[in-house]
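Biologist: I've got a protein chain on my screen and I'd like to learn how to read it. Could you walk me through it?

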Amino acid sequence: QVQLVESGGGTVEPGGSLTLSCMVTGTIDDIGTMAWHRQAPGKQRTMVAQSMNFGNTDYLDSVKGRFTIFRDDVKKQSTLQMHSLKPEDTAVYYCHHDPGNFWGQGIQVTVSS
């Protein structure tokens, strides 16, 4: 059974940094596309960053230059480094794997002074 296990969330002051990690457990044929999504209270879930095969990445416009996604295909792990965090980055962050359409349980990130 495939599971995505997230870690690294928490509370940070504006301007601070956090790193989220997602580890894929179980057997998958291809790490495919690993992505991070987020959902703030009362808002839709939105893709924040994704790492596709052959090194291609894509980011939500509002996080470009502040967030960086990494992947390790051997360890089956994805990492999201977040810098210069803003209060509007506060949300539950979810790891996602495609094409399996597997989701992590979600991890809270709070940016507040």
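**Reading the chain**

Modeller: Let's begin with secondary structure: the chain has zero helices and 11 strands. Helices (H or I, at least four residues) and strands (E, at least two) are DSSP runs, numbered from the N terminus. This is a predicted model, where local features need pLDDT of at least 70 and side-chain atom pairs count only at pLDDT 80 or more, while totals for chains, interfaces and linings use all residues. Residues are numbered from 1 along each chain as its sequence is written, and side-chain values use heavy atoms, with hydrogens and water left out.

Biologist: What percentage of the residues count as buried?

Modeller: That's 41% of the 113 residues. Buried means under 20% relative accessible area, exposed over 50%, and partly exposed in between (1.4 Å probe, protein chains only).

Biologist: Now sheets. How do strands hold on to each other?

Modeller: In general, strands of a sheet pair through backbone hydrogen bonds, either parallel or antiparallel. Here, an open sheet of four strands runs in the order β1-β3-β8-β7, with antiparallel pairing. Two strands pair if DSSP finds at least two bridges between them.

Biologist: Which strands are at the edges?

Modeller: β1 (3-7) and β7 (67-72), each of which pairs on one side only. β7 pairs with β8 (residues 77-82) over six bridges, in the antiparallel sense. To see one of them, find T68: its bridge partner in β8 is Q81.

Biologist: And disulfides: how many does the whole structure have?

Modeller: First the idea: a disulfide is a covalent bond between the sulfur atoms of two cysteines. The search, which takes cysteine sulfur atoms within 2.5 Å, finds one. C22 and C95 form it, with their sulfur atoms 2.0 Å apart. The pair links distant parts of the chain, with C22 in strand β3 (residues 18-25) and C95 in strand β9 (residues 91-98), 73 residues apart.

Biologist: Is the link left-handed or right-handed?

Modeller: Left-handed, with -85 degrees about the S-S bond.

Biologist: Are its two cysteines buried or exposed?

Modeller: C22 counts as buried at 1% relative accessibility, and C95 is buried too, at 0%.
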